[in-house]
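Subject: Structure handover

Hello,

Here is the structure I said I would pass on.

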Amino acid sequence: MRAFRQAVETKDAAAMAACLADNVVFTSPVAFKPYPGKPITAAILRGVLRVFEDFRYIREINDPENGNSALIFETLVNGKKITGCDFIHVNDEGLIDEFMVMVRPLSGATALSEAMAAQFPQIQAEAAEAIAAQGQ
């Protein structure tokens, strides 16, 4: 978890993506269905970097025996304070294959939903570009 946490804290999108397995599944706190695959997950994480303000992890809980971690964070989105948790599972290669985010309170989740909805056309374009580059 150290590499991913450091990548997030330094806002290094490439290093964040390097921590993701190709088959990673991202579960959003504001979307009904999960997003499968590294291209869309990496693009979502870049979008999050654009909307989170004053982001910081405040606690980390690890279960290395089972590859599970919980990274609790605080941030602001459009002036709304959010407390959240990244629930992460790593595969046998140490890459993230499950990534679920939960946030509170409702006002923060609403602000996050609105901010990410505004980002989503760019997120989709970035993911499509990454998928096209893989095919070359």
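A salt bridge here is a side-chain nitrogen of Lys or Arg within 4 Å of a carboxyl oxygen of Asp or Glu. Arg-5 and Glu-60 meet that rule, with their closest N and O atoms 2.8 Å apart. The two residues sit in distant parts of the chain, 55 residues apart, Arg-5 in helix α1 and Glu-60 in strand β3. Please keep in mind that the model is predicted.

Salt bridges

The rule gives six salt bridges. Arg-5 also pairs with Glu-9, where the closest N and O atoms are 2.9 Å apart. Both of these residues belong to helix α1 and are four residues apart, about one turn of the helix.

Another salt bridge joins the side chains of Arg-50 and Glu-126, at 3.3 Å from N to O. Arg-50 is in helix α3 and Glu-126 in helix α4, so the pair ties together parts 76 residues apart in sequence. Arg-50 is partly exposed, with a relative accessible area of 35%, whereas Glu-126 is buried at 18%.

Asp-97

Asp-97, in strand β6 (residues 96–104), is buried yet has no salt bridge. Lys-38 is the nearest side chain of opposite charge, and it is 13 Å away. What does the side chain of Asp-97 have as a polar contact? The side chain of His-89, at 2.7 Å. Leaving out residues up to four places away in sequence, Asp-97 touches Ala-21, Asn-23, Val-24, Val-25, His-89, Val-90 and Asn-91.

Largest pocket

The largest pocket holds about 440 Å³ of space. Its lining consists of 28 residues, and Phe-26, Ile-44, Val-48, Phe-52 and Met-116 lie nearest its centre. Two or more lining residues come from each of α1 (2–9), α3 (38–51), β3 (53–63), β6 and α4 (106–135). The most come from α4, which gives six.

Pro-105

Pro-105 is in the loop between β6 and α4. With 29% relative accessibility, Pro-105 counts as partly exposed. Its C-alpha atom is 14 Å from that of Ile-72, a residue 33 places away along the chain.

Regards

Conventions: Residues numbered from 1 in each chain as written. Predicted model: local features only at pLDDT ≥ 70, side-chain atom pairs only at ≥ 80, totals over all residues. Heavy atoms only, no water. Buried < 20%, exposed > 50% of the residue type's maximum accessible area, 1.4 Å probe, protein only. Lys, Arg positive; Asp, Glu negative; His and termini not counted. Polar contact = N/O pair within 3.5 Å; in protein donor to acceptor, adjacent residues only side chain to side chain. Contact = heavy atoms within 4.5 Å. 1 Å grid on protein atoms, 1.4 Å probe; cavity = no way out; pocket = protein on both sides within 12 Å on 5 of 7 lines; lining within 4 Å. Points joined across faces, edges and corners; volume = space filled by probe spheres on them.
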